[in-house]
Amino acid sequence: MRALYTAATGMAAQELNVQVISNNIANMQTTGFKRQRAEFQDLMYQSLRRVGSNSSDQGTKLPIGLDIGAGVKTVGTPRIMSQGNFLPTDSPLDVAIRGDGFLRVQLPNNIIAYTRAGSLQMDDQGRLVTPDGYLIDPAITFPQNASNITISQQGEVDAMLPGQTTQTVIGQLQLSRFMNPPGLEAMGDNLYLETAASGAPQTGNPGVDGMGTLLQSQLEQANVSAVTEMSDLITAQRAYSMNAKVVTAADDMLQQTANMMR
Amino acid sequence: MDNALLVGLSRQVALQRQLDVIANNLANIDTNGFKGESVQFEEYLSSPARANAFQLKDQRVSFVQDRSTLADFSQGPLTQTGNALDIAIAGPGFLAVDTPTGERYTRNGALALNPQGELVTHEGYKVLGANGPIQFDQNDTNVVIARDGSISALNSNQTVDRGKVRLVNFADTQRLTKQGASLYSSGGQQAQATTATTYIVQGSIEKSNVQPVVEMSRMIEVSRAYTTLANLLTRTDDLRNSAINKLADTSSS
């Protein structure tokens, strides 16, 4: 009774689908979060009568075959790297990226990670850091008593220093972009790591060569749409119960067979 | 007398296989570009008895046999994903992809870029354009795939042409063989260009064309038919049982 196992692959796939959807919903308010979706493909087929094989000595061929599929498999959970909505904030250190690109974050082990979550902070030494305290690369350090911080669309960071009347350039924020952003590896904490699939990062100033631009005092919200996720959840749940029904039907048939002998 | 048992058995084997097909359809209810299948049955007549000169002709007994699985190549529903590299094919046609075992065809348009900037499926197989794989530059943004499959991108504020997706169709789609992983092999047929009615929708994906209601009712049908047959076989067994008991019940006194 192959149907039992085929339906089991369907149930497993839908279970994973619900996991992905629930993670999307859980991260609905996560700054810079990009939603994932589960991608399925059909598993292999067993050919009981192969299409195109001879059906007689006269060279007539079978126009259609008898192929029984073995179920479904998950190929991956690609991330949808579409733009999220902007949420205005009052913090001058919040930046949102409009378009392609990731902020570079230097991890404590000197590895560079990438993030779209631009809720930046200042640490005790005036350095620009993520909420986890990791340094932004290239490093930007504000002098003491700097006020009126502005971040331009092209990533130039200016501030007013005490005793001066014009803005002073403090540093330049840079972005990195990848050939295949869905190929980045998510490491949690809104951070991504470069992989062989994503390609090497290309780093440059915002707004140059197709790089996105920066928006100050805005945060990029998750690109999760509540309606889409809820309808996906309903579909997944129904698909799960239908596959479960197949298991029941197959079980019933087996029971009938067993009951034939008395 | 064994005929009833054997005829019933032939149907039960066929029903089990039909349930396998239904299970596969339902398991792939969320598989992009999947095409549902149904089973076709045929009658199998047993050969007549060799001595055929009776008053009453020997009745030929007919069995059932599953002949083929027929794929339903109708259009699946499109869902919007908003992803520039998701494309759906509206109308008959397939994308050509380059796999290690040769050229294969798919209707699953969830595409991605590999690190070299080539357009690939989620399995990493290159999508073939009119002149081989489709190559993007590192600075390309705003990829647009037009209705006819031609691809353009924005590079340094200039629109550049990146080739055209090759859409193909076949004279007899039933001869395509499913290879799993949403791929079909041509089965020795020559790929033809699609007609003008087939076009590409960017930012959407074609879902599976399996209709859950149809599959569920087929499943009920299968399980009821199976129960009926199981009852028939039990009755036949009872019949034989009572025949043995009654006929053998000769008094020994």
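**A loop glycine and its surroundings**

Mentor: Let's start with B:Gly117, which sits in the loop that links β7 (111–113) to β8 (119–121) in chain B. Keep in mind that this is a predicted model.

Now look at who touches it. Setting aside neighbours within four places in sequence, B:Gly117 contacts B:Gln135, B:Phe136, B:Asp137 and B:Gln138, plus A:Met179 from chain A. For a sense of distance, take B:Gln190: it lies 73 residues from B:Gly117 in sequence, and their C-alpha atoms are 29 Å apart in space.

Chain A has 20 strands and two helices. Its radius of gyration is 27 Å, well over the 18 Å from the globule rule for 262 residues, so the chain is more spread out than a compact globule. Along the principal axes, its C-alpha atoms fill a box of roughly 100 × 45 × 35 Å. Of its 262 residues, 36% count as buried. Among contacts in chain A with a separation of 6 or more, 64% are between residues 24 or more positions apart.

A:Val157 and A:Ala159 make up its covered face, while A:Glu156, A:Asp158 and A:Met160 are on the uncovered one. On one side, β13(A) pairs antiparallel with β12 (residues 147–151) over three bridges, and A:Ser147 stands opposite A:Met160. Four residues separate the strands of this hairpin, where A:Gly155 has a positive phi near 90 degrees. β13(A) also pairs antiparallel with β14 (residues 168–172), this time over four bridges, with A:Ala159 opposite A:Thr168.

The two chains also meet through helices. Helix α2 (residues 226–259) of chain A packs against helix α2 (residues 212–247) of chain B at about 10 degrees, with the axes 9 Å apart. That angle makes α2(A) roughly parallel to α2(B). By class, their contact has nine nonpolar, five polar and two charged residues. From α2(A), the residues include A:Met242, A:Val246, A:Ala249 and A:Met253; from α2(B), they include B:Pro212, B:Met216, B:Met219 and B:Tyr226.

Methods:
Residues numbered from 1 in each chain as written. Chains lettered and ligands numbered in written order. Predicted model: local features only at pLDDT ≥ 70, side-chain atom pairs only at ≥ 80, totals over all residues. Rg over C-alpha atoms; globule rule 2.2 N^0.38 Å. Buried ≥ 20, exposed ≤ 12 C-beta atoms within 10 Å, placed from the backbone. Contact = placed C-beta atoms within 7 Å. Axes fitted to C-alpha atoms, helices over the stretch in contact; angles between N-to-C directions. Parallel < 35°, antiparallel > 145°, perpendicular 65-115°, else oblique. Nonpolar A, V, L, I, M, F, W, Y, C, P; charged D, E, K, R; others polar. Pairing = 2+ DSSP bridges.
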